[in-house]
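Biologist: Could you take a close look at the aromatic residues for me, and at what surrounds them? Walk me through it in one go, please.

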Amino acid sequence: MSGHFELYQDKAGKHRFRLKAGNGEIIAVGEAYNSKASAEKGIASVKANAAEAPVKDMETGKK
């Protein structure tokens, strides 16, 4: 099975998403959103931007 996003509501009533790898391990977590629609937009943003995003090494400050 390939990776997938999970959209859920946390204990505080906020909407969140997480990205899970094919083995079920969580590999990314989104912030808390006030609405489900906003969380869905967050997922869409990750899908649209992640493939081309550069990696910035915070240990060395290099891109």
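**The aromatic cluster and its surroundings**

Modeller: Searching the whole structure, which is a predicted model, turns up two aromatic pairs. Take Phe 5 and Phe 17 to begin with: their ring centres sit 6.0 Å apart and the planes are at 65 degrees, so this pair is edge-to-face. Since Phe 5 belongs to strand β1 and Phe 17 to strand β2, the pair ties together parts that are twelve residues apart in sequence. The other pair is Phe 17 with Tyr 33, and here the centres are 6.2 Å apart with planes at 20 degrees, so you get a stacked pair. Phe 17 lies in strand β2 while Tyr 33 lies in the loop between β3 and α1, so this pair ties together parts that are 16 residues apart in sequence. Put together, Phe 5, Phe 17 and Tyr 33 make up one aromatic cluster.

Now, how buried are they? Phe 17 comes out at a relative accessible area of 5%, which makes it buried. Tyr 33 is buried too. Phe 5, at 26%, is partly exposed, because the cut-off for buried is under 20%.

The strands belong to an open sheet of three, in the order β1-β2-β3, with antiparallel pairing. β1 (4-9) and β3 (26-29) are the edge strands, each pairing on one side only. On average, neighbouring strands here are turned by 30 degrees against each other, ignoring direction. Between β2 (residues 15-20) and β3 there are three bridges, and Lys 20 has Ile 26 in β3 as its bridge partner.

On to the helix, where Gly 42 is the residue to look at: Gly 42 sits in α1 (residues 36-49) and touches Phe 17 and Tyr 33, leaving out residues up to four places away in sequence. With a relative accessibility of 10%, Gly 42 counts as buried. The buried residues of α1 are Ala 39, Gly 42 and Ile 43. They span an arc of only 95 degrees around the axis, so they are on the same side of α1. The cover over these buried residues includes β1 and β2. On the face turned away from that buried side, α1 carries the exposed residues Lys 41 and Ala 48.

Note on methods
Residues are numbered from 1 along each chain as its sequence is written. This is a predicted model: local features need pLDDT of at least 70, side-chain atom pairs count only at pLDDT 80 or more; totals for chains, interfaces and linings use all residues. Side-chain values use heavy atoms; hydrogens and water are left out. Two strands pair if DSSP finds at least two bridges between them. Helices (H or I, at least four residues) and strands (E, at least two) are DSSP runs, numbered from the N terminus. Axes are lines fitted to C-alpha atoms, for helices over the stretch in contact, and angles run from 0 to 180 degrees between N-to-C directions. Buried means under 20% relative accessible area, exposed over 50%, partly exposed in between (1.4 Å probe, protein chains only). Contact means heavy atoms within 4.5 Å. The arc is that of the directions from the helix axis to the C-beta atoms. Rings of Phe, Tyr and Trp (its six-membered ring) pair if their centres lie within 6.5 Å; planes under 30 degrees apart count as stacked, over 60 as edge-to-face and the rest as tilted.
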